[in-house]
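Work through these exercises with the structure open beside you. Try each task before you read its solution.

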Amino acid sequence: MAATTKLAFALFFASSLCIQAALGEIMCETLLKDKCAFAVASSGERCVLETYTTRGRFTEYQCKKSEVIADEKLAGYIETDECVSACGVERRSVGIGSDSLLDPTFLAKLCSPQCYQNCANIVDLYFNLAAGEGGFLPDMCKAQGGHHRAMIELMSSGEAEEEYASAPAPAPSQWI
């Protein structure tokens, strides 16, 4: 009898997800971990993948809504696999942070026309993360052409500044 109840609950849960999808409602808490990062709930909050440890041994992933609000046009959106690839982001990214903006390889992908011109959700997220650190993403993308000042100003340690300043600039076809 318990197995029948579990099966009925599983079918109910699966059908409720299908109904939400059909209605266009996206709730972070119901997204699978492989669709969580770079998704935006129907309410406009960005979804974030978090980890927690159970029984002191197993690390599990859980999708939750964050306090970060996306552009209202992006509400109810799950990022495409094409944009994830073009922008150099990972579906299994845990949390939301600006650290990746300090990586010249990541920034080159983010600023590439394939990402910057076609993936508004990811660009909006990193635009806001850069702004939160006192940066301006379009200037940072231009800095990819060899003018590193915008990136250097974002860096907090002298060692990181030297590492970035000595990094080779990406090919012109990769920046805007």
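A salt bridge is a side-chain nitrogen of Lys or Arg within 4 Å of a carboxyl oxygen of Asp or Glu. This is a predicted model, where local features need pLDDT of at least 70, side-chain atom pairs count only at pLDDT 80 or more, and totals for chains, interfaces and linings use all residues. Residues are numbered from 1 along each chain as its sequence is written, and side-chain values use heavy atoms, with hydrogens and water left out.

**Exercise 1. Describe the overall build.**

Step 1. Count the elements: nine helices and four strands. Helices (H or I, at least four residues) and strands (E, at least two) are DSSP runs, numbered from the N terminus.

Step 2. Read along the sequence. The pattern is α-α-β-β-β-β-α-α-α-α-α-α-α.

Step 3. Check burial. Of the 176 residues, 33% are buried. Buried means under 20% relative accessible area, exposed over 50%, partly exposed in between (1.4 Å probe, protein chains only).

**Exercise 2. Compare the pairs R46–D124 and E50–K64.**

Step 1. R46 and D124 form a salt bridge of 3.0 Å, N to O. R46 lies in strand β2 (residues 45-54) and D124 in helix α6 (residues 120-132), so the bridge ties together parts 78 residues apart in sequence.

Step 2. Both R46 and D124 are buried.

Step 3. In the salt bridge of E50 and K64, the closest N and O atoms are 4.0 Å apart. E50 is in strand β2 and K64 in strand β3 (residues 58-69), 14 residues apart.

Step 4. E50 is partly exposed, with a relative accessible area of 32%. K64 is partly exposed too, at 32%.

**Exercise 3. Which backbone angle stands out at F38, and where is F38 found?**

Step 1. Start from the rule: most residues other than glycine have a negative phi.

Step 2. F38 is not a glycine, yet has a positive phi of about 70°.

Step 3. F38 is in the loop between α2 (33-36) and β1 (39-40). F38 is buried, with a relative accessible area of 7%.

**Exercise 4. List the buried residues of helix α4.**

Step 1. Helix α4 covers residues 104-111.

Step 2. Its buried residues are F106, L107, A108, L110 and C111.
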